[in-house]
Amino acid sequence: MRRLALLLLILVEAGCVSGAWPRGSVEHDGLPPQKPPSAGENLAIIVNRDNPVDNLSTAELRRIFLGARGHWTSGRRITIVMMEPGQPERTAILRQICQMSESEFSNHFLHGLFTGEVLVSPKTLASPVGVREFVFNVPGAIGYLRVSNVDSSVKIVRIDEHLPNEKGYPFHVPAPAAK
Amino acid sequence: MYRPRQLNSMNKQSKFLAGKVGRHRPGAVEGSGSFSRYSSALLLFLVFCVVIIVGIVVILDVRSTGVEAQKMYAGSVLGLHRIGDLQYSAQETRRSTFYALSTNDSNLQVKYADQSREADHLVIEGVSEYLREAKSPVEMEVGKRLQNDWSAYLKVRDEVLASILEGSTKEAVDLDLKDGVTLFDRVREDLEAIERLYDEQASQRLANVAASSRRAMIRLVGVLGIALVFAIASVWAIQRSRMQSAIQLARLQMEFVASVSHELRTPLTVISSAADNIADGLVEGKEEIKNYGSAIRSQSHQMTELVNEILLFAATKDRKNAYILRPLKVSDLVDSTLVRTSELVKSAGFTVDVQVDAELPNVVGDMSALSQCLQNLLINAVKYSGRSRWIGIRAFVSDSEVHKGKKVCIAVQDRGIGIDSSELPHIFEPFYRSAAVTAEQIHGTGLGLSLSKTIAEAMGGDLSVVSELEVGSVFTLHLQITEEHKLPVASAASGPGATVEK
């Protein structure tokens, strides 16, 4: 069993390498090409428009993203939507919400799934558009996007009563370090 | 060349000679000929109109049928396209959902979900368009039903898609089998119902086109039949008119021959009897022979004048005659005519009342011909005066638009039997004699008035008549006034003048 877990871990790591951020620039019909994360930008936590949840605390969010909470208060199953490993947004979320590295996050889910502590595993999408479409299609989905990638098809959730454009909002993608 | 000297002597018998004229030539019955021409033209015009109407009706029918056929084609093709698009989009919506079911890749699942939504939008748009253009209640009902069923299916589809994307494949399949299949079957039935409606509409339009085509055919046959009837009627009427003209001409010729024969027989009988008596030695003494000679000469003159009249008419109608047109004094013309008819008038016991306005302008004409013309009118007045023994002659200037400006008029009036209004249009036709005149055995050939009118028209004038039965008649000769500065006044006997061929 441990061997299988290790194999999965290796595969996840390999996906991390192959899923570097250029894949995130996949264009989608009707939307402008994604601009590279040249500057720091806030990350919006998004849910389906039919989801009645408007506000989440950072702690609740952490529980959700770590798979500790399986259902919304409405009874809908929670589906976590993540971008592929290596994406700055994912890295930022892991660091700022989960307070984990990529490998720690992978290990957490592998372990949790084996032990049954984790109820849902995250869905991985290659592009912000894919994330947005997924959240639009699945009523219980929750994901994250740069604010500039958000449109009216999804709903932004307040975090600790803050919207991404408000002061004190906790999540953002840092600007890439100059080479 | 017209030779007046040959007609100068008018004797007692000349009253029967006035207008008793010569030979017939084809087409001489101008009145009936012109009537025939007018009726032919009218009938041909009617045929032309009918043909035009037929053409218009045929064009309209062909156009109408064409429009109907185009409508049918457009309706059917559009309907087939629409129903085909709807069916395809509905299938595509469901197919894309199944594609999403067939993979675990969330990116592909999202892509298929997106495709499914695009397809369902097309269905929604198609149904809305169908409802916008629906006219009958049945179409509206089917369209609304499809709209509702499609909405119901989409709710299930959304749930299925959500389950697929969540990774709950079994749940998605169960949901689709439970509700999706049923609802999609309903949608399919609705689409089939719409297709049936399109089929019915196409059949209806096809029937309309067929009916329109049938109507057009019947109408075409009908109007062609009418045109044919009109054409046949025209030909028949023209032929009938010509035949009647020919019959009338033949009848008039027979009457003319009989009349002339009668007129010739009387002097011939006198001459023959006189010759017999002389030959048989029954005439004795110089005085008696002188009387016989005088009678023979008188009858010979009468025959000569008759023959001359006939030749004159023939020459006039053959346009071989030529008139010498000169300025003439109206008083000279009237006086000349009175002198030539004085013996006839006197012997018949008539009073002639002559009124010639003072200072009348000169007229243009041939003295002999115009005198002959007036003489005919006077002789007719004597012949048809009945018990009245009065004739009026009046010369005056008239200015009427009917006769194109100022003219000198010489009217010859009698208080005789008059002419019936139905006869008036025909009295100037050659050979024409009214039934009443024939019945009263008033001799004549029916050429006098025709000859007079021809002469008047040859002088640039006209001859008109006003008459009332049992009251009398007025024949008026309208003559052109001389333009003095162009035509110097000449004596009636000689001098150069313009010549008009007639």
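Here is a short chat about a predicted model with chains A and B.

Colleague: What are the ground rules?
Modeller: Residues count from 1 along each chain as its sequence is written, while chains are lettered from A and ligands numbered from 1 in the order written. The model is predicted: local features need pLDDT of at least 70, side-chain atom pairs count only at pLDDT 80 or more, and totals for chains, interfaces and linings use all residues.

Colleague: What does chain B average in pLDDT?
Modeller: Chain B averages 80. pLDDT is the predictor's confidence in each residue, from 0 to 100. In chain B, 86% of the residues score at least 70.

Colleague: Where is the pLDDT of chain B below 50?
Modeller: Over residues 1–35, and over residues 485–502. Where pLDDT is low, the predicted coordinates should not be read in detail.

Colleague: New topic. How many residues of chain A are in contact with chain B?
Modeller: 13 residues of chain A, with nine of chain B. Contact means that C-beta atoms, placed from the backbone, lie within 7 Å.

Colleague: Which element of chain A supplies the largest share?
Modeller: Helix α5(A), with four residues. Helices here are DSSP runs (H or I, at least four residues), numbered from the N terminus.

Colleague: And at what angle do α7 and α8 of chain B pack?
Modeller: About 30 degrees, with axes 9 Å apart. Axes are lines fitted to C-alpha atoms over the stretch in contact, and angles run from 0 to 180 degrees between N-to-C directions. So α7(B) is roughly parallel to α8(B) (angles under 35 degrees count as that).

Colleague: Which residues meet there?
Modeller: Among them, B:L333 and B:L344 in α7(B), and B:L370 and B:I379 in α8(B).

Definitions and conventions
Two residues are in contact if their C-beta atoms, placed from the backbone, lie within 7 Å. Helices (H or I, at least four residues) and strands (E, at least two) are DSSP runs, numbered from the N terminus. Angles under 35 degrees count as roughly parallel, over 145 as roughly antiparallel, 65 to 115 as roughly perpendicular and the rest as oblique.
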